[in-house]
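Hi,

Here is the structure I promised to send over. Have a look at it first, and then read on for what turned up.

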Amino acid sequence: MESAHTSDVVWRNRALTLFDRIPVPVAVCDVHGAIVLANPAMAAEWGSTPGALRGQNVLDRFRPQEPTQIERIVQALRLRHRSRYPVSVRWDAADGVRRHGELTADPVSDSAEAATSLLVVVRVLGECPGPDRAGASSAGPVEARILALLAAGATTARAARETGLSVDGVTYHLRRLSTRWGAAGRTELVARAYALGVLTPGVWPPEAAGR
């Protein structure tokens with residue numbers, strides 16, 4: 001019995017590690033859309049941390065382009081249907097860019113009698129045209145905090161502890177920033193953060209602008 005319990009714990013930990021490392025936004029929600037668990041990629045879209053998203057409604061940030069799609073999902077869940085439900089959505093990401101994509105909700109549960117949860121996956125399709133592209137030179141509050149810690153000489157592990165993220169979560173944010181700014185490494189990321197006004201010049205320890 002103890003061996004079976006140990007095996008369950010091991011597999012649960014492996015599943016959570018995989019969940020954290022998935023590079024697309026993923027969350028587990030209740031049937032009303034309240035977030036129970038989110039991965040770093042989902043948190044990054046909102047400039048937050050996975051823990052801070054708990055209890056927030058996923059549809060408060062990802063706006064359906066057709067509200068009737070949500071009504072159909074609610075009706076299907078009442079009837080205990082278990083199909084996959086795609087929803088076209090738009091949202092304002094933490095970097096100031098307005099994006100569009102497809103949110104997919106899959107009903108999941110441990111058994112036919114157990115309460116149903118929703119596995120929500122967001123596929124980013126691109127940026128919406130308009131002036132929002134100016135946000136490409138900005139950084140979200142979590143990203144700015146990570147950059148300030150790196151500027152002070154923090155390791156990835158320490159930045160993770162200070163921000164409440166996992167090491168993979170910090171790495172994910174840095175990878176996004178490197179792509180957004182075309183930076184080759186962490187030294188260049190910090191230099192660009194000062195040049196773009198994300199970090200306050202002439203202040204020690206380093207801190208985000210406007211803090």
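Let me start with the aromatics: there are two aromatic pairs in this structure, which is a predicted model. In one of them, the ring centres of Trp46 and Phe62 are 5.3 Å apart with the planes at 40°, so this pair counts as tilted. Trp46 sits in the loop between α2 (40-45) and β3 (63-64), and Phe62 is in the loop between α2 and β3 as well, so the pair ties together parts that are 16 residues apart in sequence. Trp46 and Phe62 are both buried.

The other pair brings in Trp91. Its ring centre and that of Phe62 are 4.9 Å apart, and the planes stand at 70°, so this pair is edge-to-face. Here distant parts of the chain are linked, with Phe62 in the loop between α2 and β3 and Trp91 in strand β4 (residues 85-92), 29 residues apart. Phe62 and Trp91 are both buried too. Put together, the ring pairs make a cluster of Trp46, Phe62 and Trp91. There is also a charged neighbour to look at: Arg61 lies over the face of Trp46, 5.0 Å from the ring centre.

Now for the overall layout. The protein has seven helices and six strands, and from the N terminus on they run α-β-β-α-β-α-β-β-β-α-α-α-α. It has 211 residues, of which 38% count as buried. Among contacts with a separation of 6 or more, 49% are between residues 24 or more positions apart. The accessible surface comes to about 11,600 Å², and carbon and sulfur atoms make up 55% of that.

The sheet is next. Six strands form an open sheet in the order β2-β1-β6-β5-β4-β3, with antiparallel pairing. At the edges are β2 (35-38) and β3, each of which pairs on one side only.

Going through some of the strand pairs:

- Strand β1 (residues 26-29) and β6 run antiparallel and are joined by four bridges. Val28 is opposite Leu119 in β6.
- β5 and strand β6 (residues 117-127) are an antiparallel pair with 10 bridges. Thr104 is opposite Val121 in β6.
- β4 and strand β5 (residues 98-108) are antiparallel as well, with eight bridges. Arg90 has His100 in β5 as its bridge partner.

The hairpin of β4 and β5 has five residues between the strands, and one to look at there is Gly96, with a positive phi near 90°. As background, most residues other than glycine have a negative phi, and most peptide bonds are trans.

What about the helices further along the chain? How many of the 11 residues of α4 are buried? Eight of them are, so α4 is largely enclosed by the rest of the structure. If you want to click through them, they are Val142, Glu143, Ala144, Ile146, Leu147, Ala148, Leu149 and Leu150. Note that Glu143 is on that list of buried residues. The cover over the buried residues of α4 includes α5, α6 and α7. Just after α4 comes Gly153, with a positive phi of about 95°.

Helix α5 (residues 156-163) has Thr156, Ala159, Ala160 and Thr163 buried. These cover an arc of only 105° around the axis, which puts them on the same side of α5. Their cover includes α4 (141-151), α6 (167-181) and α7 (186-195). Just after α5, Gly164 has a positive phi of about 80°.

One last thing to find in the viewer is a cis peptide bond: it runs from Trp204 to Pro205, with omega near -5°. You will find Pro205 in the segment after α7.

If you only have a few minutes, I would start with these:

- the cluster of Trp46, Phe62 and Trp91, along with Arg61 over the face of Trp46;
- the open sheet of six strands, with β2 and β3 at its edges;
- α4, with eight of its 11 residues buried;
- the cis bond from Trp204 to Pro205.

Cheers

Definitions and conventions:
Residues numbered from 1 in each chain as written. Predicted model: local features only at pLDDT ≥ 70, side-chain atom pairs only at ≥ 80, totals over all residues. Heavy atoms only, no water. Phe/Tyr/Trp six-rings, centres within 6.5 Å; stacked < 30°, edge-to-face > 60°. Helix = DSSP H or I, 4+ residues; strand = E, 2+ residues; numbered from the N terminus. Buried < 20%, exposed > 50% of the residue type's maximum accessible area, 1.4 Å probe, protein only. Lys NZ or Arg CZ within 6 Å of the ring centre and 35° of its normal. Pairing = 2+ DSSP bridges. Contact = heavy atoms within 4.5 Å. Areas by Shrake-Rupley, 256 points an atom, 1.4 Å probe, with all protein chains shown as cover. Arc of directions from axis to C-beta.
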